Amino acid sequence: MANVRVYGSGAATAPTASKQGSPLLTGILTGFALIIAWVLLARTTHNDVGLASWGVGGLLGIAIAKMARPPTRGTGWLAAILTAATLLVAKFAVVVFALQPALRDEFVQDWRATSGLFLVDMTRNRSFSPTLQHTLDTRPDLVRDTSFLGAGWELRAQIDSEVLARAKTSTIEERERLVRAHYDSSLLAQFSFWVLLLVSFGPLDLLWMGLGIATAWKLGQGSI
């Protein structure tokens, strides 16, 4: 008597396995999408939007729990770790692609903010008025005089007056040229990066980050 063979019974669970995605890959892709969204939000508002940290943790926890079958304590830790990594990358990305460009735009738009750059440019190019420039070239003693209400004080007042007048009548194109020449590649730009990054890790920001990581850990276990 021939044996009866039943085909397909051993692969009955294969479709279910093939449909199961990777919680890790899902978390990474979701994290990248949330970083991009966060940068766009910060670019629009000119603000770090620290509260977004909590939302990032919640969304990552839900996405990983939905993909895990079933969600476990391990997927909760995975969600927490990915949230922490995403938040760190997002903080750097927000500073570089949102806050620093916003600060640069403010420099270009506000003539008062660029007055210091005009001072550097006019001093380097010797472009003060002929009388003032002649005094600067021939009277180094006055330039070095730092006494209050002395001859040096009067000279500095003239310099400030011409610099402010030049900055006030400048066009956006001129300010853009100065920012590009004296700010973009200067130590000031690097200093602004570290200042903005430090500010983005303030006490309230750290609170939101902690809540985001804790929320991701909880929701990543399927606790919804």
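This is a predicted model: local features need pLDDT of at least 70, side-chain atom pairs count only at pLDDT 80 or more; totals for chains, interfaces and linings use all residues.
## Helix 4 against helix 11

Helix 4 covers residues 73-109 and helix 11 covers residues 203-219, and the axes of these two helices come within 7 Å and cross at roughly 150°. Angles over 145 degrees count as roughly antiparallel, and helix 4 and helix 11 are therefore described as roughly antiparallel to each other. The crossing in which helix 4 passes helix 11 is right-handed.

On the side of helix 4, the residues that meet helix 11 are Arg 73, Gly 76, Trp 77, Ala 79, Ala 80, Thr 83, Ala 84, Leu 87, Leu 88 and Lys 91, while helix 11 contributes Asp 205, Met 209, Gly 212, Ile 213, Ala 216 and Trp 217. Sorted by class, the contact of helix 4 with helix 11 has 10 nonpolar, 3 polar and 3 charged residues.

## Helix 2 against helix 4

Helix 4 also packs with helix 2, and here the axes come within 8 Å and cross at roughly 25°. Because angles under 35 degrees count as roughly parallel, helix 2 and helix 4 are roughly parallel to each other. The crossing of helix 2 and helix 4 is right-handed, and the residues of this contact divide into 18 nonpolar, 3 polar and 3 charged.

## Helix 6 against helix 8

Helix 6 and helix 8, the latter made of residues 151-168, pack at an angle of about 135°, with their axes 11 Å apart. That angle makes helix 6 oblique to helix 8, and helix 6 passes helix 8 in a left-handed crossing.

Leu 132, Thr 135 and Leu 136 of helix 6 make the contact together with Leu 155, Gln 158, Ile 159 and Glu 162 of helix 8. By class, the contact of helix 6 with helix 8 has 4 nonpolar, 2 polar and 1 charged residues.

Ser 192 lies in helix 10, which is made of residues 187-199. Its relative accessibility is 8%, and since buried means under 20%, Ser 192 counts as buried.

Leaving aside the neighbours within four places in sequence, Ser 192 is in contact with Gln 100, Leu 103 and Tyr 183. With one of these residues, Gln 100, the side chain of Ser 192 also forms a polar contact of 3.3 Å.

## Backbone details in the loops

Pro 70 lies in the loop between helix 3, residues 52-67, and helix 4, and a cis peptide bond with an omega of about -5° joins Arg 69 and Pro 70.

Val 49 is placed in the loop between helix 2, residues 23-45, and helix 3, and although Val 49 is not a glycine, its phi is positive, at about 50°. Arg 126, found in the loop between helix 5 (115-125) and helix 6 (130-138), is likewise a residue other than glycine with a positive phi, in this case near 50°. At 48% relative accessibility, Arg 126 counts as partly exposed, because the exposed class begins over 50%.

Conventions:
Residues are numbered from 1 along each chain as its sequence is written. Side-chain values use heavy atoms; hydrogens and water are left out. Axes are lines fitted to C-alpha atoms, for helices over the stretch in contact, and angles run from 0 to 180 degrees between N-to-C directions. Helices (H or I, at least four residues) and strands (E, at least two) are DSSP runs, numbered from the N terminus. Angles under 35 degrees count as roughly parallel, over 145 as roughly antiparallel, 65 to 115 as roughly perpendicular and the rest as oblique. A crossing is left-handed if the near helix is turned anticlockwise from the far one by less than a right angle, and right-handed if clockwise. Contact means heavy atoms within 4.5 Å. Ala, Val, Leu, Ile, Met, Phe, Trp, Tyr, Cys and Pro count as nonpolar, Asp, Glu, Lys and Arg as charged, and the others, Gly among them, as polar. Buried means under 20% relative accessible area, exposed over 50%, partly exposed in between (1.4 Å probe, protein chains only). A polar contact is a pair of N or O atoms within 3.5 Å; within protein, one must be able to donate a hydrogen and the other to accept it, and residues adjacent in sequence count only if both atoms are side-chain atoms.
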